[in-house]
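Let's take a walk through this model together. Have the sequence and the 3D view at hand, and follow along strand by strand.

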Amino acid sequence: GHLGPGADGDVAIYRPDPDPGAMFAAPVALFKDGRLVLQEGTILDARPGRTFQAVPLPRRDGAADDAAVRDDLERAASIPWEDRVVEPEALARPETVQAW
């Protein structure tokens, strides 16, 4: 997202603290979709977030997208492909975006 006129940005506000862990553990206020949802540790409005699903661009070499992604992840990560799949009905407010 972005911050600007008409934008519904998510913003966290923190009190300065020399210990970054302590500072980021306790936001003073949190805005979600442009609304104040947390202030001084009190949840004021529980708002479900959106889940973005990236749709990959077609590959130039003609390989199937899932197969190429699966191969890359199997080489680079320790989590099996089968454990990464999330069914669409499990997502709250899904929104598909085109990958670039």
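**Around the sheet**

Start at one end of the sheet: strands β3 and β4 run antiparallel and are joined by two bridges. Across that pairing, L38 faces I43 in β4. A word on terms: strands (E, at least two residues) and helices (H or I, at least four) are DSSP runs, numbered from the N terminus, and two strands count as paired if DSSP finds at least two bridges between them.

Before going further, keep in mind that this is a predicted model, where local features need pLDDT of at least 70 and side-chain atom pairs count only at pLDDT 80 or more, while totals for chains, interfaces and linings use all residues. Residues are numbered from 1 along each chain as its sequence is written, and side-chain values use heavy atoms, with hydrogens and water left out.

Now step from β3 (residues 35–39) to β2, an antiparallel neighbour held by four bridges. Here F31 sits opposite L36 in β3. The two strands make a hairpin with two residues between them, and D33 in that turn has a positive phi of about 55 degrees.

On to β1 (residues 11–13), which runs antiparallel to β2 (residues 29–32) and is joined to β2 by three bridges. V11 is the residue that stands opposite F31 in β2. Put together, you get an open sheet of four strands in the order β1-β2-β3-β4, with antiparallel pairing. Because β1 and β4 (42–43) are at the edges with a single partner strand each, one side of each has no neighbour in the sheet.

In one, D10 and K32 meet at 3.0 Å, N to O. This pair links distant parts of the chain, 22 residues apart: D10 is in the segment before β1, and K32 is in strand β2. K32 is buried, at 19% relative accessible area, whereas D10 is partly exposed at 48%. (Buried means under 20% relative accessible area, exposed over 50%, and partly exposed in between, with a 1.4 Å probe and protein chains only.)

The side chains of R15 and E40 also form a salt bridge, at 2.9 Å, N to O. R15 is in the loop between β1 and α1 (20–25) and E40 in the loop between β3 and β4, so this contact ties together parts 25 residues apart in sequence. R15 is partly exposed, at 48% relative accessible area, and E40 counts as exposed at 51%.

How values were computed:
A salt bridge is a side-chain nitrogen of Lys or Arg within 4 Å of a carboxyl oxygen of Asp or Glu.
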